[in-house]
Amino acid sequence: MKIISSIDELRDQLRGQLRTAFVPTMGNLHEGHLSLMRLARKHGDPVVASIFVNRLQFGPNEDFDKYPRTFQADVEKLEREGVYVLFAPTEKELYPEPQEYRVRPPDDLGNILEGEFRPGFFTGVTTIVLKLFSCVQPRVAVFGKKDYQQLMIVRNMARQFALPTEIIAAETWRADDGLALSSRNVYLRPDERAEAPALYQALQQVADEVRSGHLDIFQLEREAMARLTKRGWKPDYISIRKRIDLQPPAAGDLAKNEPLVVVAAARLGATRLIDNLEI
């Protein structure tokens, strides 16, 4: 595997490649990330991964400085997966001057749910993704469904800018007890790790209620948040949304079985976890 930190060297290395498959990451790789590499290989060749902790998507009181960085272990994992190139730029390489041009998602998608609780987050995401796409010029790029809203925003951006990159969605990778794998899981204390699957269980309970015909979605959301709060969580939201645009479903949508997803974000101790489940 070639480890490249320069944009010019990356472009030289990939010149003439027409089927590049790309997986952008912030490092601290786990089995969920590695499943994205395997899916990428099914859709293209060579496989290129990136590791870059993007300052633009962290708020002023978020965990940029303490975000887990495990570069050498990440390199070993990517080598075992047969990744062709790891693009690992420095901040100075990607942002040699202040990034004053930015990509801002539309408010009705970028400022709801995660965007409401993390202002500016998705502008940071779309800006770095577009920049990485410019560097790698992939034919396909793989993003996980765990970050459901992010996946939708990136997919819409690629379509509206007519980018020559197909966005592939990968299913959420879970531990045996149901917890969605996340780099931030390392922050959980042992007792919190034992409690953490309760978030996915809450989503499953909501989904089961909807499937059984309980269509008072606001009641379901309130009850789910109350149950988590009683267990010691601090939920930001548990919300039933339409898959197509992440807007709340109207009565007519529910009547015609519009495809739905229940999305959630909640703090357990000092760790904020997100998850979702398609209904």
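Reader: What do the side chains of Arg189 and Asp191 form where they meet?

Author: A salt bridge is a side-chain nitrogen of Lys or Arg within 4 Å of a carboxyl oxygen of Asp or Glu. Here the side chains of Arg189 and Asp191 meet in a salt bridge, at 3.1 Å from N to O. Arg189 also meets the side chain of Glu192 in a salt bridge, again given as 3.1 Å, N to O. This is a predicted model, in which local features need pLDDT of at least 70 and side-chain atom pairs count only at pLDDT 80 or more, while totals for chains, interfaces and linings use all residues. Residues are numbered from 1 along each chain as its sequence is written, and side-chain values use heavy atoms, with hydrogens and water left out.

Reader: Is Glu192 buried or exposed?

Author: Buried means under 20% relative accessible area, exposed over 50%, and partly exposed in between (1.4 Å probe, protein chains only). Glu192 is buried, because its relative accessibility is 6%. Arg189 is partly exposed at 48%, and Asp191 is partly exposed at 46%.

Reader: How many salt bridges does the structure hold?

Author: The structure holds 21 salt bridges. One of the pairs is Asp12 with Arg15, whose closest N and O atoms are 2.7 Å apart. Asp12 is partly exposed at 47%, whereas Arg15 counts as exposed at 60%. Elsewhere, salt bridges link Lys145, Glu171, Arg243 and Glu278 in a network.

Reader: How many residues does helix H11 have, and how far does it reach?

Author: Helices (H or I, at least four residues) and strands (E, at least two) are DSSP runs, numbered from the N terminus. The expected span of a helix is 1.5 Å times one less than its number of residues. Helix H11 (residues 217–230) has 14 residues and reaches 20 Å from its first C-alpha to its last, close to the 20 Å expected.

Reader: Which residues of H11 are buried?

Author: Ile217, Leu220, Glu221, Ala224 and Leu228 are buried in H11. They lie on the same side of H11, because they cover an arc of only 100° around the axis. The arc is that of the directions from the helix axis to the C-beta atoms. Arg222 and Lys230, on the other side of H11, are exposed.

Reader: What covers the buried residues of H11?

Author: Contact means heavy atoms within 4.5 Å. The cover includes helix H10 (198–211), strand E7 (234–242), helix H12 (251–255) and strand E8 (260–268).
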